[in-house]
Amino acid sequence: QVQLVESGGGLVQAGGSLRLSCAASGNIYTINDMSWYRQAPGKQRELVAAITGGLRTNYVDSVKDRFTIFRDNAKKTVYLQMNSLKPEDTAVYYCNANIRLYGRGSPADYWGEGTQVTVSS
């Protein structure tokens with residue numbers, strides 16, 4: 001009933017930039033928090049950045065001042081602008097959204113399938 005489709009990943013040199021997008025579709029009544037997570041090989045998935053419905057944001061310390069999360073509610077899309085990329089940012093990046101569907105009382109978390117970001121040194 002809900003699909004999150006990520007795009008924008010790829011290969012970039014250190015110091016470069018990428019913008020990730022995640023578009024939600026389906027029987028959506030409202031979208032609450034939207035987030036980006038990442039998982040590097042051999043590591044646990046970690047929260048990178050999050051944005052509430054009221055546009056409050058928070059970031060993991062390692063990406064502060066380099067990454068920016070923002071959303072377009074009309075397009076049901078969340079973005080992650082990544083600047084000054086480092087090799088340690090290499091990971092699969094996943095979109096997460098807390099969504100309430102029409103006809104459902106409680107919201108639930110949904111995940112995208114992930115997009116690979118590789119930063120070469």
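I started with β3 and strand β8 (residues 77-82): six bridges join the two, and they run antiparallel. I took strands as DSSP runs of E, at least two residues, numbered from the N terminus. Two strands count as paired if DSSP finds at least two bridges between them. I picked out Ser21 and found its bridge partner in β8, Tyr79.

I noted the basis of the entries. This is a predicted model, where local features need pLDDT of at least 70, side-chain atom pairs count only at pLDDT 80 or more, and totals for chains, interfaces and linings use all residues. Residues are numbered from 1 along each chain as its sequence is written, and side-chain values use heavy atoms, with hydrogens and water left out.

Next I checked β1. Strand β1 (residues 2-7) is joined to strand β3 (residues 18-26) by six bridges, and this pair runs antiparallel. Opposite Gln3 I found Ser25 of β3.

Then I turned to the cysteines. How many disulfides does a search of the whole structure find? It finds one. I used the cut-off of a pair of cysteine sulfur atoms within 2.5 Å. The disulfide is formed by Cys22 and Cys95, with sulfur atoms 2.1 Å apart. It links distant parts of the chain: Cys22 lies in strand β3 and Cys95 in strand β9 (residues 91-101), 73 residues apart. The torsion about the S-S bond is about -80 degrees, so I logged the disulfide as left-handed.

Last, I looked at accessibility. Buried means under 20% relative accessible area, with a 1.4 Å probe and protein chains only. Cys22 counts as buried because its relative accessibility is 0%. Cys95 is buried too, at 0%.

Notes
Helix = DSSP H or I, 4+ residues; strand = E, 2+ residues; numbered from the N terminus. Buried < 20%, exposed > 50% of the residue type's maximum accessible area, 1.4 Å probe, protein only.
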